Amino acid sequence: MRSYRILPIIMTTALCFSFVQTAVWTAEDQKTGNSYFVDLDGDGFNDNAPDKNNDGIPDMAGPEYLNDGRADFEAEEGIIDFGACLPLSDELLANSTRFNRRRFGARDLLQNRCGYDCDEAFGSGSGIGIGSVRRSGGCEGGVCGP
Amino acid sequence: MRPIRFPRRPASMVCLLAFMTIVMELSVRADIRAEFHTSGGYTSNLLNEPGGEEDCYSLAGASIRFYPVSSLEFTLRNEYTYYGRIFGLSSFTGGLGFIYIPTDTSSPVAVYFSGDFNTRVYREDFRAFDNDTYDAAISVGCRLFPSARLRLIYSFNSLSYTGMEIGDHKTNEVSLGANLALPGSNSIDLEIGYADMSMPYMKEPRPPRNYYLDPFHEPYVDGHLRAINFSPRFSRPLGSKVGLNITYNRSNFQNNAGMVISGLTTSLLSPWASIYEGQSVSLNLKSYWTSNLLVSSGVGYWEKEFLKSVESIPRPNQFAPPYGIKDRRDWQNEFYWSIRQFFSSKSGVIIEAALQIDLTFNNSVLNDYDYSGLSLSTGMTARF
């Protein structure tokens, strides 16, 4: 059996480094004001954080937030709850955009953690990695699963 | 000018009218989205066995999504997985599905319907394990208070092999969840679930057969394996660019006494690798280094107790049977580190490049399942 005892140390160091570095950059809690911190998808980020360009990345994580975006974020606090924070006037948007907004509102209904395949949820969600490959024809104990 | 001639056959007329109706009813906002993805990588232990066999793999696929109305999505997808050394394991997957969300984002109640069909075809070496899967789910979420939301999810899954029946199973799962927003940017999500799987299994013999069983001649019976689950999750931000979640999961079989399945080391593609009871805990970090650079990492620990299975055993003499019933219990540690970079153009094309490292250590009471493995994967996705 091959041994990779040194690799967990390297990995843990990398994990700690990535955590410490980003935390030091902006070492403060997210300001939520009177609104609620809602995290239906469990990624640790406030689902109600503004995302003006709809790219799935909260604006506060972008460089613009560190410069002059704080005022916008704070101005939108207090009116946000478990409902989606996205704008409602979408008459001119394509169906795909409008559908994705509905799916965002139902983001906690997409997958349950309990069940026989609960370990599938572990991972980066990037769709790559050995886990995703195994799910499309993977192996265990010398044999392979569907 | 020649007059338009309608088909004389009633069936053709009906089809024509239905087609025209659909086309006329389509909203001008109906659109189609496409996605192409490809990935490749190296793994030091593809088969997850003590010896460890290196291999390279690649995966390519495409999908088309059609949105006739704003509440409905149809998907058509295909994917091909290729293995370098174990070429026969390469497979093609095709599928189609839909998602229907009738409720608007402003509604306090969210309803979600989904259905999927996928078929997988292996190369000649593993053709017996070609399979079809059917998935369906109905979910309802309700916002009780500004800081609490409940959900009820029912899901159905069916796996059927086209070349054999002993691995077929159908699963019905129900889960009830609650998401609570707590002061101080903390969030807790609780979930309890019940799962029922109909599956074929062998009855465990009693002595004096001395726990020997021949999987190729023992009759299979149909039965139900039931399990209950409990999973709390805690999440919160660490600074403004890091998100943290800690998830615990506990699963218990309710009626697995006397159930024996085919062993995982008896040259079968195993449909039972994900069927176990036990507990697990995982910690995940997600951080945005820049607005388009996402770094995530996680570590997990699992205690798994599998169904009793028929395994190959050493034969002390020619009269001894080659198979025996074994209990299997594993302890697994897994680690991943991933970095994803997003590029977007003004025309709306989004390209995502990703790199991921996975590391797995598995210890088991059975030597056949003591293994470790390292894999390195890269991938790219383009969305139009």
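**A bridge between the chains**

Arg103(A) is partly exposed at 22% relative accessibility (buried is under 20% relative accessible area, exposed over 50% and partly exposed in between, with a 1.4 Å probe and protein chains only). In this predicted model, Arg103(A) pairs up with Glu73(B) in a salt bridge whose closest N and O atoms are 3.5 Å apart (a Lys or Arg side-chain nitrogen within 4 Å of an Asp or Glu carboxyl oxygen). The pair crosses between chains: Arg103(A) sits in helix α3 of chain A, residues 95-105, while Glu73(B) belongs to strand β3 of chain B, residues 72-83 (DSSP runs numbered from the N terminus, H or I of at least four residues for helices and E of at least two for strands). Glu73(B) itself is buried, at 2% relative accessibility.

Ser96(A) is another residue of helix α3 in chain A, and this serine is buried at 2% relative accessibility. What does Ser96(A) touch, leaving out residues up to four places away in sequence? Its partners are Asp31(B), Arg33(B) and Tyr67(B) (contact means heavy atoms within 4.5 Å).

Arg65(B) is partly exposed, at a relative accessible area of 24%. Elsewhere in chain B, Glu352(B) and Arg383(B) make a salt bridge with a closest N to O distance of 3.3 Å. That one ties together parts 31 residues apart in sequence, since Glu352(B) is in strand β18 (350-364) and Arg383(B) in strand β19 (371-383), both of chain B. Glu352(B) is buried, with a relative accessible area of 2%, whereas Arg383(B) is partly exposed at 31%.

These residues belong together: Arg103(A), Glu35(B), Arg65(B), Glu73(B), Arg340(B), Glu352(B) and Arg383(B) are linked in a network of salt bridges. Over all chains, the structure has 18 salt bridges.

The largest nonpolar core has 13 residues (buried Ala, Val, Leu, Ile, Met, Phe, Trp, Tyr and Cys joined through side-chain atoms within 4.5 Å). Its members with the most contacts inside it are Tyr116(A), Met199(B), Leu225(B), Phe253(B), Ile275(B) and Leu307(B). Two or more residues each come from β9 (186-203), β10 (221-237) and β12 (259-262) of chain B, and β9(B) gives the most, four residues.

Take Phe253(B) as a way in. Beyond its neighbours within four places in sequence, Phe253(B) contacts Tyr116(A) in the other chain, plus Leu225(B), Arg226(B), Ala227(B), Ile275(B), Tyr276(B), Glu277(B), Glu305(B) and Leu307(B). There is also a second, separate core of eleven residues, and Tyr57(B), Leu89(B), Leu159(B) and Tyr161(B) are among them.

Which strand supplies the largest share of the nonpolar patch? That would be β8(B), with four residues. Strands β7 (148-161), β8 (169-182) and β9 of chain B each provide at least two.

**Chain B as a whole**

Chain B has one helix and 19 strands. Of its 384 residues, 49% count as buried. Among its contacts between residues at least 6 apart in sequence, 57% join residues at least 24 apart. Its accessible surface is about 18600 Å², with 62% of that belonging to carbon and sulfur atoms (Shrake-Rupley, 1.4 Å probe; for residues, only the protein chains shown count as cover).

**Confidence and conventions**

The model scores 0.77 for both ipTM and pTM. Chain B has a mean pLDDT of 83, and 90% of its residues reach 70 or more (pLDDT is the predictor's per-residue confidence, from 0 to 100). Where pLDDT is low, the predicted coordinates should not be read in detail.

Residues are numbered from 1 along each chain as its sequence is written, with chains lettered from A and ligands numbered from 1 in the order written. Local features need pLDDT of at least 70 and side-chain atom pairs 80 or more, while totals for chains, interfaces and linings use all residues; side-chain values use heavy atoms, leaving out hydrogens and water.
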